Amino acid sequence: MTITITPAASERMRSFLAGTPGAAGVRFGVKRTGCSGFGYVVDLADVVGVDDQRVDVDGVPLIVDGKSLPLVDGTVIDFQRQGLNASFVFHNPNATGECGCGESFTVG
């Protein structure tokens, strides 16, 4: 599994982890949603499940579930601020299309 985190995303994730010392890591994956089919999930993980894969990226423990793994392999995670808005941004080589608002993507 290859996932890359930019320095800005790494800093943001480390900040989340520092605020929750008991967290197992940062959960990264996908869920079915939106008009294109899949949306990204970034959250703190309490535990590492049986089907989860844990990988340390730039010192950040990422937890990816087995179903999401083939859909996010190769993704670059960035964190960007634009005015008052701030969000993670994903550059996924597996995505073949995105919805107009950029909230969901298609694979295939």
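**Entry 1: before I start**

Contact here means heavy atoms within 4.5 Å. I also note that I'm working with a predicted model.

**Entry 2: helix and sheet**

I looked up helix α1 first, which covers residues 7-19. It lies across β1, β6 and β7. Against β6, helix α1 runs at about 85 degrees.

Next I wanted the sheet itself. In what order do its strands come? I found an open sheet of 3 strands, ordered β1-β6-β7, and the pairing is mixed. Why is one side of β1 and of β7 left without a neighbour in the sheet? Because β1 (4-5) and β7 (85-91) stand at the edges, each has a single partner strand.

For β1 and β6 (residues 76-82) I noted parallel, with 2 bridges joining them. I also checked who faces T4, and the residue opposite in β6 is V76.

**Entry 3: G29**

I moved on to strand β2, residues 25-33, and picked out G29 there. Is G29 buried or exposed? The relative accessibility is 2%, and the cut-off for buried is under 20%, so G29 counts as buried.

What does G29 touch? I skipped the neighbours within four places in sequence and got G39, Y40, V41, D65 and S68. I also looked up V64: 35 residues separate G29 from V64 along the sequence, yet their C-alpha atoms are 5.7 Å apart in space.

**Entry 4: aromatic rings**

How many aromatic pairs does the structure hold? I get 4. To describe such a pair, you give the distance of the centres and the angle of the planes.

F28 and F90 are one of these pairs, and they're stacked, with 5.6 Å centre to centre and 15 degrees between the planes. This pair links distant parts of the chain: F28 belongs to strand β2 and F90 to strand β7, 62 residues apart. I checked burial too. F28 is buried at 0% relative accessible area, and F90, at 18% relative accessibility, also counts as buried.

Y40 had already turned up in my list of contacts for G29.

Technical notes:
Residues numbered from 1 in each chain as written. Predicted model: local features only at pLDDT ≥ 70, side-chain atom pairs only at ≥ 80, totals over all residues. Heavy atoms only, no water. Pairing = 2+ DSSP bridges. Helix = DSSP H or I, 4+ residues; strand = E, 2+ residues; numbered from the N terminus. Axes fitted to C-alpha atoms, helices over the stretch in contact; angles between N-to-C directions. Buried < 20%, exposed > 50% of the residue type's maximum accessible area, 1.4 Å probe, protein only. Phe/Tyr/Trp six-rings, centres within 6.5 Å; stacked < 30°, edge-to-face > 60°.
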